[in-house]
Amino acid sequence: VQTCALPILDALEAIRVEALGRKGKLAEVSKTFGKLTPEERASLGKLLNAVKQELESNLDARKAALESVALNARLASEWFDLTTPAPGIRPGHLHPVTQVQREIEDLFVSLGFAIMDGPEVEQEYYNFDALNIPPDHPARDMQDTFWLKDGRLLRTHTSPVQIRALEKLGAPLKMIAPGRVFRNEEVDPSHEHTFYQLEGMMVDRDVSVAHLIYFMKTLLSAIFHREVTVRLRPGFFPFVEPGFELDIQCLICGGKGCPVCKQSGWVEILGSGMVHPAVIESAGLDSTRYTGWAFGLGPARTALARHGIPDIRILYDSDVRFLEQFAR
Ligand code: FA5
């Protein structure tokens, strides 16, 4: 075992050389032997041997003690626990937007809603025409669209799934449809060009605005787990009548006005309304028999409001350190 070089060990070696070395003190005394009688020589020789042995054993013992102190110190400093479990792969966690989406899915599944999916590359018919937005309708300008060369488009909202679901499953229908949507939008603290929406729809006999309000209240209290001030105001969407925008008071500034709420004090979370009879008819159902409500919510806006995050862009930054605080 190698021990560390200690100055004190050098000092000990110097003492050994001084006492026992070839030119040391004992050797000096031995030089006087010539002048002594044989008896004196014998007794001095004996004495010198005894002194020499005692010095050697004392020095060796001291050296061993010092080396063991040095070794212990080194072992203590280099000690590690072989039984400590390896850290392993760091587990990831759901993105805060996915967390909102999953919670809403769980809520609606518990209320008997199906989860539906639709294509991101969509036909113009489902994204617009079947939703009561004909080609020349100014409402098309509300959603600046990415068109494909073949006439299809990147869906601008999840509302096309309303038609697809009604066509496939008919009525009565209770469904939600989360998914990614695309708009040629200027990116700012509350707008992305590629973002998520979550559509909800219920079509049955005698469905009224009272149902819509009940489900929206249930939805909001499940997401925010706290008192939030909401505002329902008329909103225009060609596929609902009447239509409402649901805003919550901005939780970043408490309603005073900030970049997230564009100084208005309110953040738009979802659009909603009673399904327009033309939409029910587009899906091949009898609008005199069936009525319904629908909503389209922005999970990212909801996550911003919920956590008091001041800018939607941080949610999609490639540096994930900010997101790590939302591990569950
Ligand atoms: C719509 O897209 C309608 N399809 C919603 C709807 C469905 C109304 C069913 C009635 C019935 P709007 O364009 O307002 O509506 O978008 C809905 C929500 O998506 C907004 O409230 C907002 O939360 C979110 N959102 C809209 N644009 C963006 C964007 N650029 N970035 C992030 N979130 C957005």
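I started with strand 4 (residues 173-182) and strand 5 (residues 194-204), which run antiparallel and are joined by 10 bridges. Strands and helices here are DSSP runs numbered from the N terminus: E of at least two residues for strands, H or I of at least four residues for helices. Two strands count as a pair if DSSP finds at least two bridges between them.

Note on the source: this is a predicted model, in which local features need pLDDT of at least 70 and side-chain atom pairs count only at pLDDT 80 or more, while totals for chains, interfaces and linings use all residues. Residues are numbered from 1 along each chain as its sequence is written, and side-chain values use heavy atoms, with hydrogens and water left out.

**Sheet**

I looked up what stands opposite Lys174 and found Met202 in strand 5. Helix 7 (residues 209-224) packs on the sheet and touches strand 5, strand 6, strand 7 (240-249), strand 8 (266-275) and strand 9 (291-297). Contact means heavy atoms within 4.5 Å. The direction of helix 7 makes about 30° with that of strand 9. Helix 9 packs on the sheet too, touching strand 5, strand 7, strand 8 and strand 9, and its direction makes about 140° with that of strand 8. For these angles, axes are lines fitted to C-alpha atoms, for helices over the stretch in contact, and the angles run from 0 to 180 degrees between N-to-C directions.

Then I traced the whole sheet: 7 strands, open, in the order 1-4-5-9-8-7-6, with mixed pairing. Strand 1 (114-115) and strand 6 (230-234) are at the edges with a single partner strand each, so one side of each has no neighbour in the sheet.

**Helix 9**

I checked burial next (buried is under 20% relative accessible area, exposed over 50%, partly exposed in between, with a 1.4 Å probe and protein chains only).

**Gln162**

I found Gln162 in helix 6 (residues 160-169). At 1% relative accessibility, Gln162 counts as buried. Beyond its neighbours within four places in sequence, its contacts include Glu199, Phe239 and Ala294.

**Pockets and cavity**

On a 1 Å grid over the protein atoms alone, a cavity is a set of points where a 1.4 Å probe fits but cannot get out; a pocket is an open set with protein on both sides within 12 Å along at least five of seven lines; lining residues have an atom within 4 Å of a point. Grid points are joined across faces, edges and corners, and volume is the space filled by probe spheres set on the points.

The largest pocket holds about 820 Å³. It has 42 lining residues, and those closest to its centre are Arg183, Gln197, Glu245, Glu268 and Arg301. Strand 8 gives the largest share of this lining, 7 residues.

The second largest pocket comes to about 270 Å³. Among the residues closest to its centre I noted Met216, Lys217 and Leu220. Helix 7 supplies the largest share of that lining, 6 residues.

I also found 1 cavity of 30 Å³ or more. Its lining includes Cys250, Val260, Arg301 and Leu304, and helix 9 gives the most, with 3 residues.
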